[in-house]
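User: Please take me through this model step by step, giving the general idea of each feature before the case at hand.

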Amino acid sequence: MVFSKVCHLPVELEHQAYWAINKLNLDLVLARRKQLDQLHELEEFRLHAYENAKLYKEKTKQWHDKHIVTQNFKPGQKVVLFNSRLKLFPGKLRSKWSGPFEVVHMTLHGAVELWNTMKKSIFLVNGQRVKHYFGEDVDGDEKAIEQEDE
């Protein structure tokens with residue numbers, strides 16, 4: 001083999017190569033039909049994947065909606081608010097819950113207006129980030145238990 005020179009095949013080999021190519025690609029209609037079948041198969045596979053993703057999303061939504069706990073808060077109740085910004089470096093004993101806050105109003109969609117007694121301000125939060133505060137009631141129960149012991 002000589003580099004950088006044109007390679008000429010003998011006539012017999014050239015004819016055999018041409019004959020093999022023609023034999024393999026002789027039926028262009030059959031080749032086109034096979035190509036279309038492969039494209040249809042790919043499209044069908046894509047549609048099945050789309051349907052499976054749709055079913056998965058529906059089931060996930062049903063599971064999520066089933067596990068949502070609806071909480072009803074009344075104006076004047078004490079609540080604590082989950083502080084989601086403390087997740088990175090919360091510290092050992094630092095609580096992720098802040099408060100207590102007082103409920104001003106609850107909307108139909110689950111949002112809650114809270115009154116911050118320290119800063120004297122009202123703000124709106126998602127109702128899923130709020131839970132009841134029982135700190136004052138627990139102290140009252142402890143006092144009642146201590147009085148019974150005496």
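User: Is Asp65 buried, partly exposed or exposed, and what is its relative accessible area?

Analyst: This is a predicted model, in which local features need pLDDT of at least 70 and side-chain atom pairs count only at pLDDT 80 or more, whereas totals for chains, interfaces and linings use all residues. Residues are numbered from 1 along each chain as its sequence is written, and side-chain values use heavy atoms, with hydrogens and water left out. Buried means under 20% relative accessible area, exposed means over 50%, and partly exposed lies in between, with a 1.4 Å probe and protein chains only. Asp65 has a relative accessible area of 39% and is therefore partly exposed.

User: Which residue forms a salt bridge with Asp65, and how many salt bridges does a search of the whole structure find?

Analyst: A salt bridge is a side-chain nitrogen of Lys or Arg within 4 Å of a carboxyl oxygen of Asp or Glu. The search of the whole structure gives 2 of them. Asp65 pairs with Lys61, their closest N and O atoms being 2.7 Å apart, and Lys61 is exposed at 53% relative accessible area. Both residues lie in helix H2, 4 residues apart, which is about one turn of the helix; helices here are DSSP runs of H or I with at least four residues, strands are runs of E with at least two, and both are numbered from the N terminus. Glu43 also forms a salt bridge, with Arg46, where the closest N and O atoms are 2.7 Å apart. Glu43 and Arg46 are 3 residues apart in helix H2 (residues 28–66), so about one helical turn separates them. Glu43 is partly exposed at 37%, and Arg46 is partly exposed at 46%.

User: In what order do the strands of the open sheet stand, and which strands are at its edges?

Analyst: Two strands pair if DSSP finds at least two bridges between them. Here 5 strands form an open sheet with antiparallel pairing, in the order S4-S3-S2-S1-S5. Strand S4 (121–126) and strand S5 (130–132) each have a single partner strand, so one side of each has no neighbour in the sheet.

User: How is S3 joined to S2 and to S4?

Analyst: Strand S2 (residues 97–106) runs antiparallel to S3 and is joined to it by 4 bridges. His105 has Glu113 as its bridge partner in S3, while Val103 has Leu114. The hairpin of S2 and S3 has 4 residues between the strands, and Gly110 there takes a positive phi near 100°. On the other pairing, S3 and S4 are antiparallel over 6 bridges, and Asn126 in S4 is the bridge partner of Ala111. Their hairpin also has 4 residues between the strands, with Lys120 in the turn at a positive phi of about 55°.

User: Which residues make up the covered face of S3, and what is Asn116 in contact with?

Analyst: In a regular strand the side chains alternate between the two faces of the sheet. The covered face of S3 holds Val112, Leu114 and Asn116, and the uncovered face holds Ala111, Glu113 and Trp115. Asn116 lies in S3 (residues 111–116) and is buried, with a relative accessible area of 10%. Contact means heavy atoms within 4.5 Å; leaving aside neighbours within four places in sequence, Asn116 is in contact with Phe101, Ser121 and Phe123.
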